[in-house]
Amino acid sequence: GKVKNTGLIEVPMGTTLREVIYDIGGGIPNGELKAIQTGGPSGGCIPANLIDTPIDYETLKKIGSMMGSGGMIVLDNTDCMVQTAKFFLEFTKDESCGKCLPCREGTLRMLEILEKITEGKGEPSDLDKLERLGKMIKKTSLCGLGQSAPNPVLSMLQGFREEFLVHVTEHSCPTQKCQKLIKYMIIPDKCTGCTLCAKRCPVSCIIGARKQIHEIIQDQCIKCGECYNVCKFDAIEKI
């Protein structure tokens with residue numbers, strides 16, 4: 001994750017997250033600590049304010065995470081918690097053997113809701129649906145995979161609900177990681193009309209004559225970011 005020193009470490013039980021991240025990991029190279037995911041794809045996400053939590057089976061379980069495979073991923077303030085929850089759920093959904101209905105169908109439905117939210121189509125009620133589904137899957141699945149699969153989503157909803165709410169009420173991503181919630185705009189005062197952005201646009205949604213201010217046709221934009229990457233005059237902003 002977002003630490004200077006990554007790799008495999010062995011520490012005594014009871015070592016705190018702070019010691020692992022800052023003393024051994026060397027701290028966050030850029031930005032600031034946002035969360036720590038422990039236990040692998042079925043583990044939980046721990047907010048930065050719980051950084052002094054000791055690493056042991058019972059303590060991690062109490063705060064909604066687990067020891068699991070012993071994995072630890074450090075997230076900083078540039079990471080989107082909704083996108084991260086979706087990433088982990090994609091893995092557990094694919095890993096489901098399909099034998100029991102709660103895990104097979106439940107994880108798929110949770111993933112569909114998260115996809116809906118990251119595409120800007122989410123509603124506040126979707127957060128309650130995610131919680132109800134997650135708790136039902138944990139209680140009724142036959143094996144440990146299904147019983148722990150909702151952990152990342154449930155723990156992120158608990159620790160970062162405000163970020164989820166921004167996605168479903170304002171249909172925007174504060175970290176600009178959800179591609180379909182990003183909008184690219186041309187800043188008129190900075191645009192020189194060089195046409196480089198228009199030439200690189202794969203769907204030809206940028207219009208404007210040479211040496212004239214250009215415009216992005218929003219309903220045709222596929223949010224690929226090519227115009228943003230190629231502009232030499234910082235005339236395109238990502239919002």
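A cavity is a set of grid points where a 1.4 Å probe fits but cannot get out. The legends below describe a predicted model.

**View 1. The largest cavity.** The structure holds two cavities of 30 Å³ or more. The largest cavity has a volume of about 90 Å³. Its lining is made up of 13 residues, and those nearest the centre are Cys191, Cys194, Cys197, Cys231 and Ala235. Sorted by class, the lining of the largest cavity has eight nonpolar, four polar and one charged residues.

**View 2. The second largest cavity.** The volume of the second largest cavity is about 80 Å³. This cavity is lined by 14 residues, of which Cys201, Cys205, Cys221, Cys224 and Cys227 are the closest to its centre. Eleven residues of the lining of the second largest cavity are nonpolar, one is polar and two are charged.

**View 3. The largest pocket.** About 570 Å³ of space lies in the largest pocket. There are 28 residues in the lining of the largest pocket, and Gly7, Ile9, Val20, Gly70 and Met72 are the closest to its centre. Helix α1 and strand β3 (72–76) are the elements that give two or more residues to this lining. The classes in the lining of the largest pocket are 16 nonpolar, eleven polar and one charged.

**View 4. A nonpolar surface patch.** Ile9, Val11 and Ile24 make a nonpolar surface patch of about 210 Å². Ile9 is also among the residues closest to the centre of the largest pocket. Ile24 belongs to helix α1, which covers residues 17–24. Ile24 counts as partly exposed because its relative accessibility is 35%, and the partly exposed class lies between under 20% for buried and over 50% for exposed.

**View 5. The second largest pocket.** The second largest pocket has a volume of about 330 Å³. Of the 16 residues that line the second largest pocket, Lys61, Gly64, Ser65, Lys138 and Asn151 lie nearest its centre. Two or more residues of the lining come from each of α2 (57–62), α5 (124–140) and α7. By class, the lining of the second largest pocket has five nonpolar, five polar and six charged residues.

**View 6. Helix α7.** Helix α7 spans residues 151–159, and seven of its nine residues are buried, so the helix is largely enclosed by the rest of the structure. The buried residues of α7 are Asn151, Pro152, Val153, Leu154, Ser155, Met156 and Leu157. Asn151 is also one of the residues nearest the centre of the second largest pocket.

Note on methods
Residues are numbered from 1 along each chain as its sequence is written. This is a predicted model: local features need pLDDT of at least 70, side-chain atom pairs count only at pLDDT 80 or more; totals for chains, interfaces and linings use all residues. Side-chain values use heavy atoms; hydrogens and water are left out. On a 1 Å grid over the protein atoms alone, a cavity is a set of points where a 1.4 Å probe fits but cannot get out, and a pocket is an open set with protein on both sides within 12 Å along at least five of seven lines; lining residues have an atom within 4 Å of a point. Grid points are joined across faces, edges and corners, and a volume is the space filled by probe spheres set on the points. Ala, Val, Leu, Ile, Met, Phe, Trp, Tyr, Cys and Pro count as nonpolar, Asp, Glu, Lys and Arg as charged, and the others, Gly among them, as polar. Patches are made of residues with over 30% relative accessible area and no salt bridge: like charges are joined within 9 Å, nonpolar side chains (Val, Leu, Ile, Met, Phe, Trp, Tyr) within 5 Å. Accessible areas come from the Shrake-Rupley method with a 1.4 Å probe; for residues, only the protein chains shown count as cover. A salt bridge is a side-chain nitrogen of Lys or Arg within 4 Å of a carboxyl oxygen of Asp or Glu. Helices (H or I, at least four residues) and strands (E, at least two) are DSSP runs, numbered from the N terminus. Buried means under 20% relative accessible area, exposed over 50%, partly exposed in between (1.4 Å probe, protein chains only).
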